[in-house]
Amino acid sequence: MENTLSIIKPDGVKKNIIGKILNRFEDAGFEIINIKLINLTSEEAGKFYEMHQDKPFYPELIKFMTSGPCIPFVIRGKNAIKSVREIMGATNPEEANAGTIRFDFADSIDSNIIHGSDSVESAKREISFFFG
């Protein structure tokens, strides 16, 4: 069994599709083992996305992630990291496969509804960031 972190971003919360997103993972056989609703501060968002601080999209990313509540949650299951990323779809919804979360719900590469850990190391860091 593997754990990974996902975050329903502020645009997903605002669209009121939280249940639809969580159901995608549960319907695929995964278990949601920890979840909370939070409002990230600029400092918290900056620390979480510190690996992107030198990239041109960083200021807008921080602004976006602090624009409203988000929902970090831990998903457990077999090959969770890889499978969750497949269920989410490509970062750019225009490149996402039909039936993925981003294809179905995201508006743009910047407002793409959901985050998911991309490696075992990232999952451990990100889960610890939100859940200790």
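Predicted model: local features only at pLDDT ≥ 70, side-chain atom pairs only at ≥ 80, totals over all residues.

Me: What pattern do they follow along the sequence?
Reply: Reading along the sequence, you get β-α-α-β-α-α-β-α-α-β-α. The radius of gyration is 14 Å, close to the 14 Å the globule rule gives for 132 residues, so the protein is as compact as a globular protein of that length.

Me: And what does the C-alpha trace span along the principal axes?
Reply: About 35 × 35 × 25 Å. Buried residues account for 46% of the 132 residues.

Me: Of the contacts between residues at least 6 apart in sequence, how many join residues at least 24 apart?
Reply: That share is 76%.

Me: OK, switching to helix 7. Which residues are buried there?
Reply: Ser122, Ala123, Glu126, Ile127 and Phe130. They sit on the same side of helix 7, because they cover an arc of only 125° around the axis.

Me: Why would residues spaced like that point the same way?
Reply: An α-helix has 3.6 residues a turn, so residues three or four places apart point the same way.

Me: What do the buried ones pack against?
Reply: Strand 1 (2-8), helix 3 (42-48), strand 3 (71-77), helix 5 (80-88) and strand 4 (114-116). The face turned away from that buried side carries the exposed residues Glu121 and Lys124.

Me: What's the reach of helix 7, first C-alpha to last?
Reply: 16 Å for its twelve residues, 120-131, which is close to the 16 Å expected. Just after helix 7, glycine 132 takes a positive phi of about 75°.

Me: New topic: how many salt bridges does a search of the whole structure find?
Reply: Four. One of them pairs aspartate 107 with lysine 15, with the closest N and O atoms 3.0 Å apart. Aspartate 107 is in the loop between helix 6 and strand 4, lysine 15 is in the loop between helix 1 and helix 2, and they are 92 residues apart.

Me: Are those two buried or exposed?
Reply: Aspartate 107 counts as exposed at 56% relative accessibility, while lysine 15 is partly exposed at 34%.

Me: What does aspartate 104 form a salt bridge with?
Reply: Arginine 24, with the closest N and O atoms 2.7 Å apart. Aspartate 104 is in helix 6 and arginine 24 in helix 2, so the pair ties together parts 80 residues apart in sequence.

Me: Back to Glu126, what does its side chain meet in a salt bridge?
Reply: Arginine 125, at 3.9 Å from N to O. Glutamate 126 is buried, at 5% relative accessible area, whereas arginine 125 counts as partly exposed at 29%.

Definitions and conventions. Residues numbered from 1 in each chain as written. Heavy atoms only, no water. Helix = DSSP H or I, 4+ residues; strand = E, 2+ residues; numbered from the N terminus. Expected span 1.5 Å × (residues − 1). Buried < 20%, exposed > 50% of the residue type's maximum accessible area, 1.4 Å probe, protein only. Arc of directions from axis to C-beta. Contact = heavy atoms within 4.5 Å. Rg over C-alpha atoms; globule rule 2.2 N^0.38 Å.
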